[in-house]
Amino acid sequence: MLSDLRLKELIDLIIQGELNKFYKSKEWQALRQKALKRDKHECQRCKRLGRVTTANTDQPRDHKRKGSLHVHHLKEVKTHPHLALTLDNLETLCRTCHNVVHDRLADHMSKKKKRFMNEERW
Ligand SMILES: [Zn+2]
């Protein structure tokens, strides 16, 4: 969990658009490893779909780069910074699933925003 001080630092990073610093932090790297271990280095979305995908079986399209696993925040860091270092908020995903999840999220957000803007009355 984040102390109040660390949470403030994290929010500052979000505001400054420097979340990459968070992803480089020792705390995140350590928790990321915990999440991977908990999920047995398998993509959890693929698992729900009855597939087993690990860093070794994930085949990127260009075949030059190795497959990789991502640790995804179920509730985004930007909107839920206090959950950034909470293991229960993390899920191991393969690169493909991570892209799908983020596309959906972006789609959902833009629709929501549009509707919100239409309903707005000044
Ligand atoms: Zn997957």
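Let's start with helix α1, which runs over residues 4–15: at 1.5 Å a residue, its 12 residues should span 16 Å, and the end C-alpha atoms sit 17 Å apart, so the two values agree. Keep in mind that this is a predicted model.

Which residues of α1 are buried? They are Leu-10, Leu-13 and Ile-14. These residues cover an arc of only 100 degrees around the axis, which puts them on the same side of α1. There's a simple rule behind that kind of pattern: an α-helix has 3.6 residues a turn, so residues three or four places apart point the same way. Turn to the face of α1 that points away from its buried side and you'll find the exposed residues Asp-4, Leu-5, Lys-8 and Ile-15.

### The aromatic cluster

Next, the rings. Searching the whole structure turns up three aromatic pairs. One of them joins Phe-22 and Tyr-23, edge-to-face, with 5.2 Å from centre to centre and 65 degrees between the planes. Tyr-23 also pairs with Trp-28: here the centres are 5.5 Å apart and the planes stand at 85 degrees, so this pair is edge-to-face. Put together, Phe-22, Tyr-23 and Trp-28 make up one aromatic cluster.

How buried or exposed are the members of the cluster? Phe-22 has a relative accessibility of 5%, so it counts as buried. Trp-28 counts as buried too, because its relative accessibility is 3%. Tyr-23, with a relative accessible area of 33%, is partly exposed.

### The zinc site

Now for the metal. Which residues coordinate the zinc ion? The donors are the SG atoms of Cys-43, Cys-46, Cys-94 and Cys-97, at 2.2 to 2.3 Å. Along the sequence, these donor residues follow the spacing C-x2-C-x47-C-x2-C. The angles among the four donor atoms run from 104 to 119 degrees, and the site is tetrahedral. For reference, the ideal angle for four tetrahedral donors is 109.5 degrees.

| Residue | Relative accessible area | Class |
|---|---|---|
| Cys-43 | 0% | buried |
| Cys-46 | 2% | buried |
| Cys-97 | 1% | buried |

### The loop between α3 and α4

Finally, have a look at the loop between α3 (26–38) and α4 (44–48), where Lys-40 is found. His-41 lies in the loop between α3 and α4 as well. As background, most residues other than glycine have a negative phi.

As for accessibility, Lys-40 has a relative accessible area of 59% and is therefore exposed, the cut-off being over 50%. His-41 comes in at 37%, so it is partly exposed.

Definitions and conventions:
Residues are numbered from 1 along each chain as its sequence is written. This is a predicted model: local features need pLDDT of at least 70, side-chain atom pairs count only at pLDDT 80 or more; totals for chains, interfaces and linings use all residues. Side-chain values use heavy atoms; hydrogens and water are left out. Rings of Phe, Tyr and Trp (its six-membered ring) pair if their centres lie within 6.5 Å; planes under 30 degrees apart count as stacked, over 60 as edge-to-face and the rest as tilted. Buried means under 20% relative accessible area, exposed over 50%, partly exposed in between (1.4 Å probe, protein chains only). Donors are N, O and S atoms within 2.8 Å of the metal (3.2 Å for Na, K and Ca); water is not among the atoms, so sites may look incomplete. Four donors count as tetrahedral if all angles lie between 85 and 135 degrees; four count as square planar and six as octahedral if opposite donors are over 155 degrees apart and all others between 65 and 115; anything else is irregular. Helices (H or I, at least four residues) and strands (E, at least two) are DSSP runs, numbered from the N terminus. The expected span of a helix is 1.5 Å times one less than its number of residues. The arc is that of the directions from the helix axis to the C-beta atoms.
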